[in-house]
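Subject: Structure handover and findings

Hello,

The structure is below, with the sequence. My notes on it follow.

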Amino acid sequence: LAHANGFHGSVFAPLIAGLCAHGYACYALDFRGHGRSTSPVNGRLEWSALGEDCAAVVTALGLHGCHAFGHSCGGHALLMAEARRPGVFRSI
């Protein structure tokens, strides 16, 4: 689950509770500079960096081929990750 600009992953708590109740495993990331994440030392906050972060999270957690949901810039970041690595998501 990828949040909108100015939000953080915890905004999805009600959605996560509902999905988990139906047997789904859920992960919500905090984009760089949001929520519990730190600001990037290189200052990279552009769209492409957020897309790279989405792909990195999927790789780190071994979730290749998972379903994804994004709100606003989170959706855009997921699409950018999929464009760079086709097939990383089963659906967006």
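Which residue forms a salt bridge with Arg 84? Glu 52 does, and the closest N and O atoms of the two are 2.8 Å apart. A salt bridge here is a side-chain nitrogen of Lys or Arg within 4 Å of a carboxyl oxygen of Asp or Glu. The pair links distant parts of the chain, with Glu 52 in helix H2 and Arg 84 in helix H3 (residues 73-84), 32 residues apart.

Before the rest, the conventions. This is a predicted model, in which local features need pLDDT of at least 70 and side-chain atom pairs count only at pLDDT 80 or more, while totals for chains, interfaces and linings use all residues. Residues are numbered from 1 along each chain as its sequence is written, and side-chain values use heavy atoms, with hydrogens and water left out.

Overall fold

The protein chain has 3 helices and 2 strands, in the order α-α-β-α-β from the N terminus. The radius of gyration is 13 Å, close to the 12 Å that the globule rule gives for 92 residues, so the chain is as compact as a globular protein of that length. Helices (H or I, at least four residues) and strands (E, at least two) are DSSP runs, numbered from the N terminus. The radius is taken over C-alpha atoms, and the globule rule is 2.2 Å times the number of residues to the power 0.38.

The C-alpha trace spans about 40 × 25 × 20 Å along its principal axes. Of the 92 residues, 33% are buried; buried means under 20% relative accessible area, exposed over 50%, and partly exposed in between (1.4 Å probe, protein chains only). Of the contacts between residues at least 6 apart in sequence, 52% join residues at least 24 apart, where contact means heavy atoms within 4.5 Å.

Salt bridges

A search of the whole structure finds 2 salt bridges.

Other residues

Arg 85 sits in the loop between H3 and strand E2 (89-91) and is partly exposed, with 31% relative accessibility. Not counting residues up to four places away in sequence, Arg 85 touches Ala 55, Ala 56, Thr 59 and His 64. From Arg 85 to Glu 52 the C-alpha to C-alpha distance is 9.7 Å, at a separation of 33 residues in sequence.

Trp 47 belongs to helix H2 (residues 47-61) and is partly exposed, with a relative accessible area of 44%. Leaving aside neighbours within four places in sequence, Trp 47 is in contact with Cys 73, His 76 and Met 80.

One backbone angle to note: Ser 72 has a positive phi of about 55° although it is not a glycine. Most residues other than glycine have a negative phi. Ser 72 lies in the loop between strand E1 (66-67) and H3, and counts as exposed at 54% relative accessibility.

Regards
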